[in-house]
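Here's a quick briefing to read with the model open beside you. Take a look at the sequence and the fold, then work through the points below.

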Amino acid sequence: GAGVSQTPSNKVTEKGKYVELRCDPISGHTALYWYRQSLGQGPEFLIYFQGTGAADDSGLPNDRFFAVRPEGSVSTLKIQRTERGDSAVYLCASGTSGDSYNEQFFGPGTRLTVL
Amino acid sequence: KQEVTQIPAALSVPEGENLVLNCSFTDSAIYNLQWFRQDPGKGLTSLLLIQSSQREQTSGRLNASLDKSSGRSTLYIAASQPGDSATYLCAVRADSWGKLQFGAGTQVVVTP
């Protein structure tokens, strides 16, 4: 079946601009996670959705970052007033919830470059 | 605060040798530990997930062990092949929401 998809695969923007990154999780997965991966590092957690609500947004670096999941499926990560330090690969993962297994399945990521 | 470390950062072996990749974590209160593979410019592919109550998991040539008390996991890849060349990441799930904390990865090159 279809895995997690993310669009766009690459995004180049200028400092100060607004960007939106989209994630389509695996059908039926209620848990959705956003991570950010800088070059040479492991992914770092940003935010977790259970259904439509953000259950844990403790990883968002500041208030320029915001994410939504209005219908409990597709999620959008929004970054305002982008800075060069926001350049990274943004990864989305989905999984089942309510069980201790909770394996996460990752999408291919969106590579964001802020010039 | 949970810290996850992977040593070495990079590893090169000739084809046919067994690979041993190490992962350590500072807080033994984990739900599970997952090993991932990442190819250049790609997302993460889940290889093995070990529950906190388990000691090991196996899939084909891959075997992962978990020793919670010492905060260690080891991924063994038998009879390595050039196609095994990738970065391998371990991640621990340390809370009920499922948030993963990753190590920085070990970059593996298997030479023909």
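A residue counts as buried here when its relative accessible area is under 20%. By that cut-off, 46% of the 115 residues of chain A are buried, and 44% of the 112 residues of chain B are too. Keep in mind that this is a predicted model.

**The two chains**

- Chain A tells a matching story: its radius of gyration is 13 Å, and a compact globule of 115 residues would be near 13 Å.
- Along the principal axes, the C-alpha trace of chain A spans about 40 × 25 × 25 Å, while the C-alpha atoms of chain B fill a box of roughly 40 × 30 × 20 Å.
- Take the contacts in chain A between residues at least 6 apart in sequence: 53% of them join residues at least 24 apart. For chain B, the corresponding figure is 54%.

**Where the chains meet**

- On the chain B side, 21 residues are in contact with 23 residues of chain A.
- About 1,700 Å² is buried between chain B and chain A, and carbon and sulfur atoms give 52% of that.
- Within chain B, Leu44(B), Trp97(B) and Lys99(B) lose the most area to chain A, together making up 31% of what that side buries.
- How many salt bridges are there between chain B and chain A? The count is one, and the side chains of Asp56(A) and Lys99(B) meet in a salt bridge at 3.8 Å, N to O.
- Five residue pairs are in polar contact between chain B and chain A, counting pairs with both residues at pLDDT 80 or more.
- The elements of chain B that give two or more residues to the side touching chain A are strand 4 (32-38), strand 5 (44-51), strand 9 (86-93) and strand 10 (100-102).
- Sorted by class, that side of chain B has eight nonpolar, nine polar and four charged residues.

- Look for Gly98(B) in the loop between strand 9 and strand 10 of chain B.
- Is Gly98(B) buried or exposed? Gly98(B) counts as buried because its relative accessibility is 0%.
- Leaving aside neighbours within four places in sequence, Gly98(B) is in contact with Tyr33(A), Tyr35(A), Asn102(A), Gln104(A) and Arg93(B).
- Gly98(B) and Tyr31(B) are 67 residues apart in sequence, yet their C-alpha atoms are 8.4 Å apart in space.

- Thr30(A) lies in the loop between strand 3 (19-24) and strand 4 (31-37) of chain A.
- With 32% relative accessibility, Thr30(A) counts as partly exposed.
- Not counting residues up to four places away in sequence, Thr30(A) touches Phe49(A), Gln50(A), Gly51(A), Arg69(A), Gly95(A) and Ser97(A).
- The side chains of Thr30(A) and Gln50(A) make a polar contact at 3.3 Å.
- Thr30(A) and Pro61(A) are 31 residues apart in sequence, with 24 Å between their C-alpha atoms.

**Backbone details to check**

- In chain A, a cis peptide bond joins Thr7(A) and Pro8(A), with omega about -10°. Pro8(A) sits in the loop between strand 1 (5-7) and strand 2 (10-13) of that chain.
- In chain B, a cis peptide bond joins Ile7(B) and Pro8(B), with omega about 5°. Pro8(B) is in the loop between strand 1 (4-7) and strand 2 (10-14) of chain B.
- Arg81(A) has a positive phi near 45° despite being a residue other than glycine. Arg81(A) belongs to the loop between strand 8 (75-79) and strand 9 (88-95) of chain A, and is partly exposed, with a relative accessible area of 47%.
- Ala79(B) is not a glycine either, and its phi is positive at about 45°. Ala79(B) lies in the loop between strand 8 (72-77) and strand 9 of chain B, where it counts as partly exposed at 37% relative accessibility.

Notes: Residues are numbered from 1 along each chain as its sequence is written. Chains are lettered from A and ligands numbered from 1 in the order in which they are written. This is a predicted model: local features need pLDDT of at least 70, side-chain atom pairs count only at pLDDT 80 or more; totals for chains, interfaces and linings use all residues. Side-chain values use heavy atoms; hydrogens and water are left out. Contact means heavy atoms within 4.5 Å. Buried area is the accessible area (1.4 Å probe) that two parts lose on being put together, summed over both. A salt bridge is a side-chain nitrogen of Lys or Arg within 4 Å of a carboxyl oxygen of Asp or Glu. A polar contact is a pair of N or O atoms within 3.5 Å; within protein, one must be able to donate a hydrogen and the other to accept it, and residues adjacent in sequence count only if both atoms are side-chain atoms. Helices (H or I, at least four residues) and strands (E, at least two) are DSSP runs, numbered from the N terminus. Ala, Val, Leu, Ile, Met, Phe, Trp, Tyr, Cys and Pro count as nonpolar, Asp, Glu, Lys and Arg as charged, and the others, Gly among them, as polar. Buried means under 20% relative accessible area, exposed over 50%, partly exposed in between (1.4 Å probe, protein chains only). The radius of gyration is taken over C-alpha atoms; the globule rule is 2.2 Å times the number of residues to the power 0.38.
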